[in-house]
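Reader: I'd like a close look at a single part of this one, the open sheets and the helices lying on them. Could you walk me through it?

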Amino acid sequence: MNDLAFSFFGQRLRALGSGALWWPEHDLLCVSDLHLGKSERIARRSGRALPPYDTRETLDRLAADLAHSAATTVICLGDSFDDIAASQSLTAEERLQIATLQAGRKWIWIEGNHDPGPVEMGGTHLAEMTQQPLVFCHIAQPGRQGEVSGHYHPKVQLRIRGRSITRPSFLLDGQKLILPAYGTYTGGLRSTDAALADLMGVDAKAILTGSQPQIIPLPR
Amino acid sequence: MTAIPPLIHAWFANRGWSVHPHQKTLFDRRLDPATLLIAPTGGGKTMAGFLPSLAELADGRHTGLHTIYVSPLKALAADIRRNLRIPVDEIGLPIRIEDRTGDTSATQKKRQRADPPHILLTTPESLALLTSYEDAPRMFDGVQRVVIDEIHALADSKRGDQLMLALSRLQAMCPGLRRVGLSATVEDPEAIARFLARHPDPCRIVQADPGPDPDISMLKTREMPPWSGGGAAYAIPAVMEQIKQHRTTLIFHNTRAQAEIFFRNLWLANDDGLPIGIHHGSLDRQQRERVEAAMVRGDLRAIVCTGSLDLGIDWGDVDLVIQVGAPKNVKRLVQRIGRANHRYNAPSKAILVPANRFEVVECVAALQAAQAHDLDGDPRGPGPRDVLCQHILITAAAGPFDASDLFAQVVSAGPYSHLTRAEFDTCLAFCATGGYALQAYDRWQRLRRRDDGCWQLRDPRAAQRIRMNLGTIQDTDTLKVRLRRNRGGKPLGEVEEAFAASLTPGDTFLIGGQVVRYEGLREMVVEVSRRANKKPKIATFSGTKFATSTQLSDRILRMFARPEWPELPGHTAEWLQLQRELSLLPTRDRLLIESFPNDGRENLCVYGFAGRNAQQTLGLLLTKRMEETGLAPLGFVATDYATLIWGLDAVTDPRALFDLSALRDGLDRWLAGNAVMKRTFRASATIAGLIERNTGGQRKSGRQATFSSDILYDTLLKYDPDHLLMQITREEAMRGLVDFSRIESMIARIGDRIDLVRLDRVSPLAAPLLLEVGKVPVKGAAEERLLAEESARLLQAAGLSQP
């Protein structure tokens, strides 16, 4: 997996093509909006049985990124579970998969709006976490400095030579960095949506995920 | 045997009519379990279908529903109601006739369920919906007859499969139910009879006198048709002249967008201000109804239309049918021509208008085939299982059911008569639990088995969602278009969501014959104004794209083989001659491939003449091979006769790509990841109930909560590749969008006889393809290269450097 090195708030970071953020200096990998258990929640609420492989697929990709980065600290930036009940309904295999990933690593679950309380899972549960000079939380707060968040599932659509290309994307400006959703069954919010466009500063950029991540000025 | 009641006979006599022989036959055989009538338009087909019902209802003793009439079009149901009222009122029969379609008001629908009319006129979807209510047995109690109009059109589609499944349930509620099918001329009446009848009931086929041969010609114009495009603007003056010479002209187009462009051009040339209307499926309902009403009154001199007028609405005085664009299939052409001269025993008059130079060839071939009564068509495979899954859910919505009883009903439907119990059980398991190899969340399954063995919905509220998502018509997501006003302006119609997403304020497009200016999107409604003075961008309506039939393609290739073409207009003959001089003309037993640079890209044009869908598949297979060999393909476009592929790098040795046995061997693997499969998956997953189009008020708005069905496809491909929906997707793709059977017959036809021609520029025959719409992107290395270039360009333009 290729990655793209960039600097944010004075720190050298790397955007992985999968949508994970890697901070080599602290051996730290950060992923956002895993939405584990989403197919279970949909089945529970509507009876619609989507292929129940999303959790496995998300964790498989996370395992590959951990192998690539050899990170010793993992921050899941909220909405890690589609809801609290979904976190309780993971299969034994899926729990084992998570435990295997956690083994020998510092693991932090940041609370999100889908999973506001602690989940029955190893690791540390926090509302937010600071690793100087950066602060990790689920939803961006206007005006905060050096903040890394998720929540919005940003994606960017480009039209190039008649081709429309849409990719989940990192958004960043001088103060904040917003991660794309990492979960398999997640959609995205276009960067042109007012909710995102208004949030980002004038100098904002987007990093498009994919086999070779690319950085561009934020399309608004 | 009772005769036709004297009252009805007297009405016929008063009008100076006699009962047609086929009407008499249908009446005499009215107690048969199933009868198929094949008759040309205007042959008194509908009356033949209803005569037994009128006779049986004449004494006023029947209570409740007696006859259900099903037509593929809402408009047809309403039209038949009006036309049937006339004899019923004039004879003074005590018969209540009502229609029930998606357009019927909720109050009216509710009343119909409590107190049904004698004759109900409806559509397959509305009928299926009726069977989903718990009170269905009460409403359908005593139904004697079902009349299916335009059954030839339904038998070609999933709508027909759904209808036959609904009839199998109806038949279980009304054991004496008799079926009558009304069909236009078709190439294989036996197949329609098997489709119609309860398996294994016999079905008599009654053939009405086909009437005189139609008078078909190709439009003579002073202007030459252009090299490419579908607008046929060159023909406007000549078409205008024809409209003036006839009472009422129907002008058929193959797509909605073409109809819009043509209508606009016609209107600009309409110096005499003749009343001309437009009618197609994307227009607002009220607007369509206004046009239909004006047509019935005889107020219009011409209607520009699409397949929305293909079927039997009685337009009365139509004396000319014009087909703009090549008819892709001779059978449909003959059926469309039947729209003219709605009177029995008068020849229909039709004129073909090729939109471009290649279509001249296609039109001449179609004309010759129609004159030779050489109808085309491909046999349809067994009933698709996604429709069966929906049927199981609809059945569950009506109440608990026994699996064996339901299976027995399903195999009594013609299209499903060969279904095995194991196949049925797989569909049932899919509806119940999702049917995945991984049994994950079974306690949340949609259907559960009760202690008595019957299946029922776990959550009864699911019935409502099943009803909301009922149907097999795959409309791409569309958005309503309205004029911007203070409070909800005038509705104009609909455009595809993807088209709407491509608009920026100020853009202009055509809808309903007018140019409008895009102002913005509000609550999923496209708001427009009339402040438009620019040349319009054209709304890209989704219209079914039919592939040219095998028979027609063969005719064209045979035509190419001739030394000269006296039957073709001079300009077209010269064009073909030029192609023969500069390159080669494709022939039936060889494959012509041209390679040439154009506009900074390298192009490869493959003339397979295998029909649009198969050429599309060929495009997918070839670009995959190019991707593997590092040739960086960017995309391709397919027409009925060729595939044009473009890429960043020149293809210096195209021969390496055309190892035909390798193409076949790798098909499965190659198909797995491509866009056509994903589109097919989306359609089947929606019909089968995995993806919901309607979630009850909360319209999908492209926000975070929704994700692409492509992700579901990718997930299944990786973890559960043999899942029912993946099987269905492969089956559908092989015979539908992928149409691999036609590639195989092409391979068999040409063997290793491939002609490669390297040109320094585009050839006469390839030129039209450069302007084709419907280009398919290839998401591969080329896309990454484009992104990298664009990123560098944008950063530089913004004065930024790499971080």
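Author: Let's get one term out of the way: two residues are in contact if their C-beta atoms, placed from the backbone, lie within 7 Å. Helices (H or I, at least four residues) and strands (E, at least two) are DSSP runs, numbered from the N terminus. Two strands pair if DSSP finds at least two bridges between them. For angles, axes are lines fitted to C-alpha atoms, for helices over the stretch in contact, and the values run from 0 to 180 degrees between N-to-C directions.

Bear in mind that this is a predicted model, where local features need pLDDT of at least 70, side-chain atom pairs count only at pLDDT 80 or more, and totals for chains, interfaces and linings use all residues. Residues are numbered from 1 along each chain as its sequence is written, while chains are lettered from A and ligands numbered from 1 in the order in which they are written.

Now for a sheet in chain B with six strands: it is open, pairs in parallel, and has the order 8-13-12-9-11-10. At its edges sit strand 8 (215–218) and strand 10 (276–279) of chain B, each pairing on one side only. From one strand to the next, the twist averages 20°. Within this sheet, strand 9 (residues 248–252) and strand 12 (residues 318–324) of chain B run parallel and are joined by five bridges. Phe252(B) is found opposite Gln323(B) of strand 12.

Two helices are worth a look here. Helix 13 (residues 285–296) of chain B packs on the sheet, where it touches strand 10 and strand 11 (302–305), and its direction makes about 135° with that of strand 10. Helix 14 (residues 330–337) of chain B lies across strand 8, strand 9, strand 12 and strand 13 (349–353), at about 150° to strand 12.

Chain B also has an open sheet of seven strands, again with parallel pairing, in the order 3-4-2-5-6-1-7. Strand 3 (97–100) and strand 7 (204–207) of chain B each have a single partner strand, so one side of each lacks a neighbour in the sheet. Neighbouring strands in this sheet are turned by 20° against each other on average, direction ignored. Strand 1 (residues 34–38) and strand 6 (residues 178–183) of chain B pair in the parallel sense over five bridges, and Ile38(B) stands opposite Ser183(B) of strand 6. Helix 10 (residues 189–196) of chain B lies across strand 1, strand 5 (145–148), strand 6 and strand 7, running at about 145° to strand 1.
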